[in-house]
Amino acid sequence: MLRRITAAHGALLILDEVMTGFRVSRAGWYGLDPVDADIFTFGKVMSGGLPAAAFGGSAEVMGRLAPLGPVYQAGTLSGNPVAMAAGLATLRNADEAAYARVDANADRLAGLLTDALTDAGVVHRVQRAGNMLSVFFTDEPVNDFAAAKATETWRFPPFFHALLEAGVYPPCSAFETWFVSSVLDDAAFERIADALPGAARAAAEAKQ
């Protein structure tokens, strides 16, 4: 739909892959839901976590950039050699097997979260976007920021701190995505599984 609307108005379609690019698949979110955009933006996933960013697009759009075209573009971190070396190493190792491990680990983590919170009687939703996930304390779908703010966010701080004290470092915000690594092993998941029941109880006992 966005492609049709932008084309009808002669506007560029820009897709933000800063979080999803090279994370949810080798082709980013485009690999899961292909949309032919004019420009795609990418962030530090492509540089192994080091500061970097990039954008790419159609030959028509990119041909307007200097030195081919009249539009000048530059950035402080453009082509930083350390970030680029880290990025190349990351992308060379990000094969289909690596993405399969990330997807499997995301499934496993989501299952542990659901089991622990359900056992503690905490109303929640574990929402997914590929191998990215978020935990919301609500029984309603969360599809935008307004819905996220309407959840029982006051349950998240005790949930977070209980996990942290048990040696598990989740995102520190109720609005943040849980990024899953391919290197999580059975020992890591055992530690997570041991920590979650106490964290779920802390969420259940939280006061607004």
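Author: Let's start with a term: a polar contact is a pair of N or O atoms within 3.5 Å, where one must be able to donate a hydrogen and the other to accept it. Keep in mind that this is a predicted model.

Reader: OK, so how do you know that the side chain of serine 25 lies close enough to the backbone nitrogen of alanine 27 to meet that distance limit?

Author: Compare the numbers. A polar atom of the serine 25 side chain lies 3.1 Å from the backbone nitrogen of alanine 27. The cut-off is 3.5 Å, so the pair is within the distance limit.

Reader: Why is serine 25 called buried?

Author: Its relative accessibility is 12%. Buried means under 20%, so serine 25 counts as buried. You'll find serine 25 in the loop between strand E1 (14-17) and strand E2 (39-42). Leaving out residues up to four places away in sequence, serine 25 touches Gly31, Leu32 and Tyr99.

Reader: And glycine 31, what makes that one partly exposed?

Author: Glycine 31 has a relative accessible area of 43%. Buried would need under 20% and exposed over 50%, so 43% falls in between and glycine 31 is partly exposed. Glycine 31 is also in the loop between E1 and E2. Its C-alpha atom is separated by 9.3 Å from that of glycine 21, 10 residues apart along the chain.

Reader: Let's zoom out. What makes this a protein with two domains, domain 1 and domain 2?

Author: That comes from the domain assignment, which gives domain 1 (1-93) and domain 2 (96-205). Their centres, taken over C-alpha atoms, are 29 Å apart. In the contact, 10 residues come from domain 1 and 10 residues from domain 2.

Reader: How do you know how much area is buried between domain 1 and domain 2?

Author: You take the accessible area that two parts lose on being put together, summed over both. Here that is about 800 Å², with carbon and sulfur atoms giving 64%. On the domain 1 side, Met19, Arg23 and Arg26 lose the most area to domain 2, together 58% of what that side buries.

Reader: What holds for salt bridges and polar contacts across the interface of domain 1 and domain 2?

Author: The rule finds 0 salt bridges there. For polar contact, 3 residue pairs turn up. The side of domain 1 that touches domain 2 has 5 nonpolar, 3 polar and 2 charged residues.

Note on methods
Residues are numbered from 1 along each chain as its sequence is written. This is a predicted model: local features need pLDDT of at least 70, side-chain atom pairs count only at pLDDT 80 or more; totals for chains, interfaces and linings use all residues. Side-chain values use heavy atoms; hydrogens and water are left out. Domain bounds come from an automatic or database domain assignment. Contact means heavy atoms within 4.5 Å. Buried area is the accessible area (1.4 Å probe) that two parts lose on being put together, summed over both. A salt bridge is a side-chain nitrogen of Lys or Arg within 4 Å of a carboxyl oxygen of Asp or Glu. Ala, Val, Leu, Ile, Met, Phe, Trp, Tyr, Cys and Pro count as nonpolar, Asp, Glu, Lys and Arg as charged, and the others, Gly among them, as polar. Helices (H or I, at least four residues) and strands (E, at least two) are DSSP runs, numbered from the N terminus. Buried means under 20% relative accessible area, exposed over 50%, partly exposed in between (1.4 Å probe, protein chains only).
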